[in-house]
Amino acid sequence: MSDEGVSLKTLSPRALAWQRRGRAAAAAWREFSSSKSGLVGLGVLVLAVLLALLAPVLSNEDGLDVTKATGGRMRPPDGNFWLGTDVDGRSILLLTWWGTRVSLLIGISAALLSVVIGTVIGIIAAHYGRWVSAVLLRIVDFFLVLPSLVLAIALSTVLEPGIGTIIVAIGLTSWPSAARLVRAQTLTVEARPYIERSRALGGGNLHIIVKHVLPAVLPLVFVNATLAVGNAIVAESTLAFLGLGDPFQTSWGGILHNATVDSAALAGAWWYLLPPGVAIGVVVLAFTLCGRALETVLNPRLREPR
Amino acid sequence: MPSPRRGGGTARYLLTKLGGAVISLFMVVVLGFILFRVMPGDPVKTMTRGHPVTNEQLAILEHRYGLDKPKIAQFWDYLVKLLHGDFGDSYQYSRPVGDMILEKLWPTVLLVGTGTILAVALGLWLGTRAAWQRNSVFDKASTGIALAFWSMPTFWLGMILLTAAGGLFPSGGMVYPDTPPDFLSQALDILHHLVLPVITLVAVVYAQYQLVMRSSLLEEMDADYLTTARAKGLRDDLVRRRHAVPNALLPTVTLVFLHLGMVVAGAITVEAVFSWPGLGQMTYNAIGVPDLPVLQGTFIVLAAAVLVMNLIADVLYRFLDPRVRAV
């Protein structure tokens, strides 16, 4: 990113704005990459996404089919099956690998859904005062204290089982914290003079929200989304473990559900339990580390004294 | 957080909070109706899924559960029954759900109560030590461990504990059937059964208390009053105990109650893993059927319990923090 030799006068306002954004992004990246744990988290995430995308290329989907399974019944790890087999003789390694796809898909989609709902409600609650705000806050507070897993269980029991249901169940139950956060941020942004200036120049509600409030709130939303993915992945695995997942899709929680049904814990089949659980732990931790590093970029108060 | 207006007294504050809680409770009841009576479309079809039934049988079932009436009338019935403590009958056991919940209530209270108290004590202690020795090995290690535990799904940790320590502790239930009926042996047996579920619950839950205590103590660390306390010659230990910790404790106290919903969620899966005979296991057993009245009952009871706890937190906070009172 070098701007030497480019005279400022030749640039349009739009290009100038993009240049400014580029510099801000570079500064944010410098700050982010100074956090070792953040970089580790990011590395793990890139690896996980690559593995998920490349699963159909690098491995054979037939191994997931119960009727084509070649291994023995719940065998410990050996040369052929590095992480052992499940009750049907399928490779746990392959199951866990393919589980990455569904777990990441659900985790990311549910987190996005919850953050979008939270952002919209948070901004509306802060921007329009009086009764709109009062009613919305009442609803946010209500959903905030409601035990979200209990509600998610209820939703996924009454809806048709499937990936979409799980995404909706998690997304609809985890938005309130995002809404509170966005509302607080919107309130501080709207107290600034440039909002007043925009209003004085005749900017409407939509213009102010889209052009001024949203850009100021988005970084926070992004951090929140990163942290929310971890929670959503854990929520997905919990719902699948309770038997509410899609029985025809392999997810980490689904493997653990099968392990419970087959009493793997009592049989001492640690190879059945460890891989999917470690996968959940590692990916969730990676999202948390990334989120915390991003938080530090945004909030200088959290930075270590140097 | 809506604070009382200037001049509004404690009574007014309490009334506002109480009113809010009553509205929330009503919303839970309405949500329970929408979720389990409106959204499933046809509960009778769900109930008889996989069984050959004639239309007459369907009609009889619909009439027995009052499902042939209009939705508004159904809602009114449901409301009146709820006010009398009647949650309907379980599809699975044909027993009143209210009785079943009462039976299962105290095991859950025991598990959640013990778990919360231990998790809060552990979290506060670790968080205080970590913040006071910021960037020390202890700080980094304990924060890292807490984050790692927090990233694990509760039920998975329970399964791993069960695999690892299965021989030393009972694998499920609350008491062995052959334990003598006297109080001491019963209590010891329950304690024995309680160990693994409580360890699981505490391990996953304590992290948030530790992290919040740590960051809220860090916020206080540079405060002038701590410099004053040190300047007047107080030992480091006393500065921490008498000055820093009480101020840092406030956000954590509300958190304890606010996050009770999360503990309840953890308890559901822990109970499912260890067959602990509480509300969580009852929910788990009802999912497969699906036993809608049972799910509705546990939904309403768990949600209402968390709402009441939050009301208590709001009231407590007002008495604990003079700044909230003074506004």
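Modeller: Happy to! Let's begin at B:Thr163, which, apart from its neighbours within four places in sequence, is in contact with A:Ala265, A:Gly268, A:Trp270 and A:Leu273. Please keep in mind that this is a predicted model. B:Thr163 sits in helix α7 of chain B, a helix that covers residues 154–165. With a relative accessibility of 21%, B:Thr163 is classed as partly exposed; the cut-off for buried is under 20%.

Now cross over to chain A.

How far can you trust chain A? Its mean pLDDT is 84, and 91% of its residues reach 70 or more. Please be careful with residues 1–5 of chain A, where pLDDT stays under 50 and the model has five contacts beyond four places in sequence.

Back in chain B, let's visit B:Asp189, found in helix α8 (residues 183–221). B:Asp189 is buried but has no salt bridge, and the nearest side chain of opposite charge, that of B:Lys104, is 16 Å away. What the side chain of B:Asp189 does have is a polar atom 2.7 Å from the backbone nitrogen of B:Tyr176. B:Tyr176 is also among the contacts of B:Asp189 beyond four places in sequence, together with B:Met174, B:Val175 and B:Thr179.

Other charged side chains do pair up: the model has seven salt bridges over all chains. One of them joins B:Asp314 to B:Lys17, with 3.5 Å between the closest N and O atoms. B:Asp314 belongs to helix α13 (residues 292–320) and B:Lys17 to helix α1 (residues 10–38), so this pair ties together parts of chain B that are 297 residues apart in sequence. B:Lys17 has a relative accessible area of 15%, which means that this lysine is buried.

A second pair is B:Glu103 with B:Arg95, whose side chains meet in a salt bridge at 2.8 Å, N to O. Here both partners are partly exposed: B:Glu103 has a relative accessible area of 48%, and B:Arg95 comes to 32%.

Finally, look at helix α10 of chain B, residues 236–258, where B:Asp237 and B:Arg241 are four residues apart and therefore separated by about one helical turn. Their side chains form a salt bridge with an N to O distance of 3.3 Å. B:Arg240 takes part too, in a network of salt bridges that links it with B:Asp237 and B:Arg241. B:Asp237 is partly exposed, at 27% relative accessible area.

Note on methods. Residues are numbered from 1 along each chain as its sequence is written. Chains are lettered from A and ligands numbered from 1 in the order in which they are written. This is a predicted model: local features need pLDDT of at least 70, side-chain atom pairs count only at pLDDT 80 or more; totals for chains, interfaces and linings use all residues. Side-chain values use heavy atoms; hydrogens and water are left out. Helices (H or I, at least four residues) and strands (E, at least two) are DSSP runs, numbered from the N terminus. Buried means under 20% relative accessible area, exposed over 50%, partly exposed in between (1.4 Å probe, protein chains only). Lys and Arg count as positive and Asp and Glu as negative; His and the chain ends are not counted. A salt bridge is a side-chain nitrogen of Lys or Arg within 4 Å of a carboxyl oxygen of Asp or Glu. A polar contact is a pair of N or O atoms within 3.5 Å; within protein, one must be able to donate a hydrogen and the other to accept it, and residues adjacent in sequence count only if both atoms are side-chain atoms. Contact means heavy atoms within 4.5 Å. pLDDT is the predictor's confidence in each residue, from 0 to 100.
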